[in-house]
Structures are given as structure tokens and as C-alpha cells.
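Please brief me on this model.

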Amino acid sequence: MTEYENAVEIRGLTKHYDGFTLDNISFNVPKGCIVGFIGQNGAGKTTTIHSMLNIIPIDSGVIKLLGLDHISDEKEAKERMGVVFDECPFGEVFTPVQLDRVFRGLYRNWQTDTFFGYLDLFQLPHKKKVGELSKGMKMKLQIAVALSHDAELLIMDEATSGLDPIVRNEILDVFRNYLMDGGRSILMSSHITSDLEKIADCIVFIDNGKILLSGYKDEILEKHGVIKCTREEYPEFSPEDYISARINDFGAELLTADRAAAAAKYSGAIIEKTTLEEIMQFYVNAKKKEWS
Amino acid sequence: MAKIMSLIYREWILMRKKLLLGLAITAGMLLMITIIGFSFRNGAFDGNEKLRNMLTTYGGSYHAYLVMLLLIPLAGTSADAYESDIKSNWARYSLTLPAETKLRAIAHVLFLLIRFIAVFLILVAVSAAAAAAFGKPFAKEMIADIGVFSCLTLIPICLVEFFMGKAKDPIAYKKQQSRIPVAFAACGTAVGLLLARAMKNAETDSDPITAMKPLLDKYVTIRNTVQPFIIPVFIGLLVLIYVIAKRNLDSLKRS
């Protein structure tokens, strides 16, 4: 079996569409980590994931999954990874018992006991048809399938979108347990950044086909900060010291990528900790510099 | 092999309701034809001799209906499977599985072959039972008839695979789907007109079976001519369906 440091390695991935370009993007998913892949709708998350899975051909770049080439070793890579999409892809007529029979033959390492273990954990009925399950139950079923063939890499494309917070928390717990075996990794694409703040080790932020930010989540949250000031004080801040500024009736908020440096330069300024959601908003508006 | 078996099992679960429904409709239609057949003869059950004659007369029709009713649903189920896969997004998900498009296309065609073999066995069994019931020898020509109709049924299946495979989302599927009834209606009208033309010289007071006699004779001549080519043509059409199915699956990657 191939030894690898990064479960996913993407170098210079480029894909042109009419009106959209995934522009020379590079990032890693380190082995044993959960990487949150964030960005607004249409930013390029799904295109990246589809490229990784060889669902769409890429124009240029190199993609390695579990140390394997995503095209020449596609079959082997797919044996060792699980994928969860935003919609349950199993036909409505199937029951979990029947799905077990289908996937038993499709995956070399399919584990029936593990699958039914997850069904019991998620309190999913074994003989109820997929069409009769709720959205949350369908998502749990999809996750159960993805985790039942000893996958070393789990790729999730907006899998928790549309689920209520209780179900999302249950699912996050399952992922934590899945990662207990240090050799497993997760790439989780989502625009619900609160989930990723809870669980992700690293963050990759994509916007308009470009990676704007990537690194360890704690470092990103530690480094970034929001400077709060009045509208009168706002011009005192040099534009190169902040990513963008949100102006409202009560004053201005400026996102800095170096909280310590900003604190040193603007002594007395109020600099607060920020969230991934805020960081996303400020970066998306970086070109405008000022927004409300 | 395990992967092919799994994919075949999946298609069976997906289609079994429609296939069994097709069988039920066939049985119902045959019953209806029987009742209508007796009604045309004034509903008279006045002795075994007449019943036997009537059944013999309608025997040919039974077989023709049976062949058509059992084979035509096979074309319909292929479209249903596509519909389900597109609606559920299985088409995209299947590209994340460790099964190449070649393998999936093989499984698809093998399941089609299994369905044809099942229908073939049912038809042969019914023919043999009917022959035994009337104390007649089993008509081996029936096997050639099934072969001819099977080849004819594979043609709409090819078209269904070709058009349905072009649809990559539910909207495109609906668009493609709406073309199929139109195509079938056009084909039905064309066949009806050809039959009417072939029967135009029949005596006006002759019954339908007598009227169709020249046409049946013509069919028998054609069948006897094409008989040696039935198996190669059938295999050729299956290969064509494999090529179309693989092309459809490969095109999912490009879309």
C-alpha cells in the first residue's frame, strides 16, 4: 500500500468553463486531519471535488489521492475513499438491507457488521425504503455507506447543508470517532462555517476559483481579528493593514490578517476575535475594500 | 464478477416492480383477449368442439400478443431505470465507486440479456403448455418467432438507451422522455398503415384471422429467410446497446 503524508495533494489545478475558471489552485489535506473547504455558492468547491473524483476532466494540474494519481490509479483510490454528496443518491426503492447487498460486491473491504452498526447508531430502520426516510436519515444512510468500507479518506460535498443542528452535531460526533484511527482524513466542503469551526483542523477558503486563504484553523482564527472603530476613526487605518472594511451606521469594522501587528500599530484600537464566517465575508469583499 | 453481480442486483431491485407489473398486465390482457374472443362468437359455449376451434383460431393471436406484451415492457423498464438514476443522482454518485464504466455497461447489458432469457423461457413454456393442451406437437417455429420479436424489441431499447442516455438531469430527462411516446405513436401508426395495406385485398366478410392469412404467410417467408441471422443480429444489437450504454456513462464524466 502506498505511503503518503497528505491524503489529498492538489497542485496547480485548472479547469475552464464558460464564465468560470478554477484558477491554478493548490492545497493539501494532511493525513489524519479534517480540512474544511469553504466558500460561497459557485466559488468552485464542487468543481474542485468533481475534478478530484475524475467526474470532470481537468485542464491542467496534478491531483493525488492517498498518494495515488487520480486518473491512472482511479479505481484503487476509489476503493479506499468514501464520498458523501448533498443529496442521497440511492434510489427511493432501496432498503438499507438491499444497499448492503449492492455495496458488498462493489467495495473490496465492505463490512456488513460496520454498516449495520452505523444504521443502529443512527437509529435507521433496516428495512424501510430510502423514499420513506427523512432528509436527515437519508444523509445518515449515505454517511453509513461511506464509512463502512474502511475508507481512509472521506470527501463530503455540502453534506450537512439543509440538516437541522441536532442532526449535524450527531454527524460531527461520528466524524470525530472516525478520525480516532489516526490514518483517516476528511475533506469537508461546506458553507456552514460554524460546523467547521467545531471540527476542522485546517481551512481552505476558495472564492471565484481562487484559493484566498489556507492553513490551520486555529492559526487563522488567532491571526485574524476585527478592528472596531467609529466612522470618524476609520480613515486613520491604512488600507494595507486590513483586508476590507464593513461600514454601517454605527461605525466601521475592519478585518486584519495580523492581529498582533495591528494591535501594536494602532494602540488603543479595539480588536476582537473573529469567526470563519466573518473572515469569509471580509475576504469575499476584499476587492471592493469597503462594503456594508 | 462480484461487482457485476452487485450492479445487476441493483438494476433488478430498481426494475422488479415494473417487470412484475408488466407480467401482470400481460396476464390481464390475455384474459381480456379471451373474453373478447368469446364475445365475438356470440358468447356461445355449446360444446367442446366449438371451444376447441375457437381456442385454436385465437391461439395465433395469443402468441403474437404474448410475445409483444412480454417484450415491450423490457424497453420501458430501461427508461424507468434511467429516470430513477437521474432523479436520485445515482449517475453522478456511481462515478465515485470503484467500478469502471466498462463494468457498469457490461452489467447493464447482462441484465437485459437475463430479462430476455426469462421472457424466452416463459414464452417457450406457455407455447409448450398450449401445444400439450391441444394435443399438438410443440411448434419449433415459435422459437424463431420469439427471436424475431426479440430483435425487434432491441431496436426501441437501443433508441431508449440512446435518447435517455443524453439526459444528464431531470429536466433534460423529461424533454427526452416526451419524445418517446411520440416516436412510439408514429411507429404504431406506420405499422397499422402497413398492415391495412397488406390486408386490403382480403374478402370483406372474412374473419380477421383469414384476412391476415396473406400477411402471416408473408411473415413466415420472411421469418424463414432471416432465421439463420437471428442470433447474430440479436448479439449485434446487444453489443450496440453496450456501446451506447458505455458512451452514456463516459459522457457523464465530460458533462
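The notes below cover the sheet, its helices and the chain contact.

This is a predicted model: local features need pLDDT of at least 70, side-chain atom pairs count only at pLDDT 80 or more, and totals for chains, interfaces and linings use all residues. Residues are numbered from 1 along each chain as its sequence is written, while chains are lettered from A and ligands numbered from 1 in the order in which they are written.

**Sheet**
- Chain A has an open, mixed sheet of six strands, ordered S6-S7-S8-S3-S9-S10.
- Strands are DSSP E runs of at least two residues, helices are H or I runs of at least four, and both are numbered from the N terminus; two strands pair if DSSP finds at least two bridges between them.
- S6 (81–84) and S10 (210–216) of chain A are the edge strands; each has a single partner, so one side of each lacks a neighbour in the sheet.
- S3 (34–38) and S9 (202–207) of chain A pair in the parallel sense over four bridges.
- Val35(A) sits opposite Cys202(A) in S9(A).

**Helices across the sheet**
- H1 (45–52) of chain A lies across S3, S7 (153–157), S8 (185–190) and S9 of chain A, at about 145° to S7(A).
- H5 (135–147) of chain A lies across S6 and S7 of chain A, at about 170° to S6(A).
- Axes are lines fitted to C-alpha atoms, for helices over the stretch in contact, and angles run from 0 to 180 degrees between N-to-C directions.

**Chain contact**
- 24 residues of chain A are in contact with 22 of chain B (C-beta atoms, placed from the backbone, within 7 Å).
- H2 (74–79) and H3 (96–106) of chain A each give two or more residues to the side of chain A that touches chain B.
- H3(A) provides the largest share of that side, six residues.

Note on methods:
Contact = placed C-beta atoms within 7 Å.
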